[in-house]
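Here is a brief report on one chain. Look over the sequence and the model, then read on.

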Amino acid sequence: MVDKAGDATNKSMDNMEDGIKGKKKDESSKNKNDITCHAELEAIRLAVKKLKTNDLSDCILYSTHEPCIMCSYAIRFHKIKKVVYQHAVNYLGGVSSSMPLLISKEAPPHWGEVPVIVHLNSHL
Ligand SMILES: [Zn+2]
């Protein structure tokens, strides 16, 4: 995850599953036996801690896979302005599933605007 300043949250990118640097990280949920430890949530937790705010509206989240609906909830709650991912997922994706929470306009008003979605493989 990166913010407008560029480097304030660069360390959090290392904790993402892939991040923009392309470093594969083990699935934390498997290692910790905790299904809430998706890479997106781990990056959000780190960004909130590092930036000392719940408002991540200056941040962009990069992910190898389409965020699931659990992660989409957190992305919307923290008002992340842009989400970039490479691969859609078959079930429970926040954009392509029958529960598109990441792009739904039926959301609590305090969540703000729908984030900009960049699907890098959308041309395939
Ligand atoms: Zn997830």
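A residue is buried if 20 or more other C-beta atoms, placed from the backbone, lie within 10 Å of its own. This is a predicted model: local features need pLDDT of at least 70, side-chain atom pairs count only at pLDDT 80 or more, and totals for chains, interfaces and linings use all residues. Residues are numbered from 1 along each chain as its sequence is written.

Helix 3 covers residues 39-51, and its 13 residues should span 18 Å at 1.5 Å a residue. The end C-alpha atoms of helix 3 are 18 Å apart, which agrees. The expected span is 1.5 Å times one less than the number of residues. Just after helix 3, Lys 52 has a positive phi of about 55 degrees.

The chain holds four helices and three strands, in the order α-α-α-β-α-β-β from the N terminus. Helices (H or I, at least four residues) and strands (E, at least two) are DSSP runs, numbered from the N terminus. Of the 124 residues, 30% count as buried.

The three strands form an open, parallel sheet in the order 1-2-3. The edge strands pair on one side only:

| Edge strand | Residues |
|---|---|
| strand 1 | 60-65 |
| strand 3 | 116-119 |

Strand 2 (residues 82-87) runs parallel to strand 3, joined by four bridges. Two strands pair if DSSP finds at least two bridges between them. Lys 82 has Val 116 of strand 3 as its bridge partner.

Key:
A residue is buried if 20 or more other C-beta atoms lie within 10 Å of its own, exposed if 12 or fewer, and partly exposed in between; C-beta atoms are placed from the backbone.
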